[in-house]
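Hi,

Here is the structure I promised to pass on to you. Have a look at it first, and then read on for what turned up in it.

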Amino acid sequence: MEFMISGRNLTVSDRFREYADEKVSKIASLGDKVQRVDAKVSKETKARQTDEMLTVELTVLGRGPVIRAEASAADKFAAFDLAYNKLLERLRRAVTDWMARSNDQ
């Protein structure tokens, strides 16, 4: 499984890369359908707000539907964890649906 991470308006640190890589490696255990996971971390600054929001988008590509999750938080690690948990739930549902359809045939 291939893992790509990129940043928009910020530099992705090695510490964050290692953290994300460790978490994403667990996705491979959900099946052989996952071929690639893309992570995009972006920093948005609003003119009216002094807070910076960090958004993490996770996309799973492979055989079957594209599965995506997104979350925002003040910290990129927190945003990653929120998006990762959403993604895991969507992956579990997709695997369950796929298995149910293959049993019906």
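Ring pairs join Phe 16, Tyr 19, Phe 77, Phe 80 and Tyr 84 into a cluster. Rings of Phe, Tyr and Trp (its six-membered ring) pair if their centres lie within 6.5 Å; planes under 30 degrees apart count as stacked, over 60 as edge-to-face and the rest as tilted. Before you go further, please note that this is a predicted model, where local features need pLDDT of at least 70 and side-chain atom pairs count only at pLDDT 80 or more, while totals for chains, interfaces and linings use all residues. Residues are numbered from 1 along each chain as its sequence is written, and side-chain values use heavy atoms, with hydrogens and water left out.

A search of the whole structure gives five aromatic pairs. One of them is Phe 16 with Phe 80: the ring centres are 5.8 Å apart and the planes stand at 90°, so this pair is edge-to-face. It links distant parts of the chain, with Phe 16 in helix α1 (residues 14-24) and Phe 80 in helix α2, 64 residues apart. Helices (H or I, at least four residues) and strands (E, at least two) are DSSP runs, numbered from the N terminus.

Buried means under 20% relative accessible area, exposed over 50%, and partly exposed in between (1.4 Å probe, protein chains only).

Tyr 19 and Phe 80 also pair edge-to-face, because their ring centres are 6.0 Å apart and their planes are at 70°. Here too the pair links distant parts of the chain, since Tyr 19 belongs to helix α1 and Phe 80 to helix α2, 61 residues apart. Tyr 19 is partly exposed, with a relative accessible area of 25%.

Phe 80 comes up again in the largest nonpolar core, which has 28 residues; Ile 27, Leu 58, Phe 80 and Leu 87 have the most contacts inside it. A nonpolar core is a set of buried Ala, Val, Leu, Ile, Met, Phe, Trp, Tyr and Cys residues joined through side-chain atoms within 4.5 Å. Two or more residues each come from β1 (2-8), α1, β2, β3 (52-62), β4 (67-73) and α2, and α2 gives the most, with eight.

Lys 76 is in helix α2 (residues 76-104). Lys 76 is buried yet has no salt bridge, and the nearest side chain of opposite charge, Asp 75, is 7.2 Å away. A salt bridge is a side-chain nitrogen of Lys or Arg within 4 Å of a carboxyl oxygen of Asp or Glu; Lys and Arg count as positive, Asp and Glu as negative, and His and the chain ends are not counted.

Arg 36 sits in strand β2 (residues 34-45) and is partly exposed, at 31% relative accessible area. Arg 36 and Glu 2 are 34 residues apart in sequence, but 4.6 Å apart in space, C-alpha to C-alpha.

To place all this, the protein has two helices and four strands, in the order β-α-β-β-β-α along the sequence. Buried residues make up 32% of its 105 residues.

Enjoy exploring!
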